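This briefing gathers notes on annotated sites, helices and individual residues, for reading alongside the sequence and the coordinates.

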Amino acid sequence: MEDLFLFFVVLIFILMMNNVVAAQGGLRTGYYSSSCSDAESIVRSTMEAYYDKDPTIAAGVLRLHFHDCFVQGCDGSILISGTSSERTALPNLGLFGFDVIKDAKNQLEAACPGVVSCADILALAARDAVDLSGGPSWGVPTGRKDGRISLASEASNLPSPLDTVAVQRQKFAAKGLDDHDLVTLVGAHTIGQTDCLFFRYRLYNYTITGTPDPSLNQGFLVQLQTLCPINGDGSKRVALDKDSQFDFDVSFFKNVRDGNGILESDQRLWGDPATRKIVDKYAGNIRGLLGLRFDYHFPKAMIKMSSIEVKTGTQGEIRKVCSKIN
């Protein structure tokens, strides 16, 4: 009788684990524990080396992973070079961090040839980027295969700084992500930067009125106008979190609450009742401790996003070089 009971306990456990794996698209943490035991440590040490030289690389790699997942799923297709590949699309022209993935891949090919996918390297590096910036860490489900398709024409569904909340909501929902995921993932802007070109219109000629965007905090408006003169260099980089651009924290949400959001799409999150409620809870009163726990929810949202349309089994390949199909 005890043996039968034990059998059913084990069976239930196996079924539960299968459901977890299925929910993550067939991925699982520790996927390379036997086939390439140093995989995650190699990615981590590579990310650390680049971060020590330039902390902005953290936001670059995180954004690279985000843009990868929104087109063809999280399959490393953003890493492919070519005249019509994803990385040539307008929304992707400012992406950087490719060298981190290339370097890690070279080391992994030397240690474990043909084992670790470029898509998994990118997912792991994104996690490490957040951790190195003072944010949370988490177990990254791995086992992705690399995709064989990368087309600039398919990048039109990427979120834009001009998007209304309704459009943002639609783009995220199309990938199985809800309002909570939307606000949480946009919170990655706590370590991001952008070009003056993408928000300068808000400072001088919003909606072709010849006046600034009224939703901007007036004191912050003056600061931004100094950083981005009307006829200045549009490629000048400005931190998306004016208070702590290299720290992965909740000050980004406080900025949005206070009218200090730089991208219009970010500031609009305060104007929509549903997203405003989430922003307000993350902002909290004392570094978010009295509101929703950003450092708790961000890993959950990242795991959910990094499972979008993943390719496993024979659906993809393990690229030898991340920038080209085998």
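Thr142 is found in the loop between α5 and α6, and the model in which Thr142 is placed here is a predicted one. With a relative accessibility of 1%, below the 20% cut-off, Thr142 counts as buried.

- When residues up to four places away in sequence are not counted, Pro159 touches Phe66, Phe70, Lys171 and Phe172.

**Helix α5**

- α5 has 15 residues, and the distance from its first C-alpha to its last is 21 Å, close to the 21 Å expected at 1.5 Å a residue.
- The helix is mostly covered, with 14 of the 15 residues of α5 buried.
- Just after α5, Gly134 takes a positive phi of about 90°.

**Three further annotated positions**

- In an unreviewed entry, UniProt places the feature "binding site" at Thr190, Asp241 and Asp249. These positions span 60 residues in sequence, yet no two of their C-alpha atoms are more than 9.6 Å apart, so they gather at one spot.
- Asp241 lies in the loop between β2 (237–239) and α10 (251–257), and Asp241 is buried, with a relative accessible area of 1%.
- Apart from neighbours within four places in sequence, the contacts of Asp241 are with His189, Thr190, Gly192, Asp249, Ser251, Phe252 and Asn255, so that the other two annotated positions, Thr190 and Asp249, are among the residues that Asp241 contacts.
- Asp249 is found in the loop between β2 and α10, and Asp249 is buried, with a relative accessible area of 10%.

**The pairing of α3 with α13**

- Packed helices are described by the angle between their axes and the distance between the axes.
- The axes of α3 (residues 57–69) and α13 (residues 294–305) come within 10 Å and cross at roughly 45°, which makes α3 oblique to α13.
- On the α3 side the contact is made by Leu62, His65, Phe66 and Cys69, and on the α13 side by Phe298, Met302 and Met305.
- Sorted by class, the contact of α3 with α13 has 6 nonpolar residues, 1 polar residue and no charged residues.
- Phe66 of α3, which takes part in this contact, is also one of the residues that Pro159 touches.

**Leu108 in helix α4**

- Leu108 is found in helix α4 (residues 98–111), where Leu108 is buried, with a relative accessible area of 1%.
- Although Leu108 and Cys36 are 72 residues apart along the chain, their C-alpha atoms are separated by 8.4 Å.
- Leaving aside neighbours within four places in sequence, Leu108 is in contact with Cys36, Ala39, Ile42, Val43, Pro113, Val116 and Ile121.

Methods
Residues are numbered from 1 along each chain as its sequence is written. This is a predicted model: local features need pLDDT of at least 70, side-chain atom pairs count only at pLDDT 80 or more; totals for chains, interfaces and linings use all residues. Side-chain values use heavy atoms; hydrogens and water are left out. Contact means heavy atoms within 4.5 Å. Helices (H or I, at least four residues) and strands (E, at least two) are DSSP runs, numbered from the N terminus. The expected span of a helix is 1.5 Å times one less than its number of residues. Buried means under 20% relative accessible area, exposed over 50%, partly exposed in between (1.4 Å probe, protein chains only). Axes are lines fitted to C-alpha atoms, for helices over the stretch in contact, and angles run from 0 to 180 degrees between N-to-C directions. Angles under 35 degrees count as roughly parallel, over 145 as roughly antiparallel, 65 to 115 as roughly perpendicular and the rest as oblique. Ala, Val, Leu, Ile, Met, Phe, Trp, Tyr, Cys and Pro count as nonpolar, Asp, Glu, Lys and Arg as charged, and the others, Gly among them, as polar. UniProt positions are given in the numbering used here, feature names are shortened, and annotations may be inferred rather than shown by experiment.
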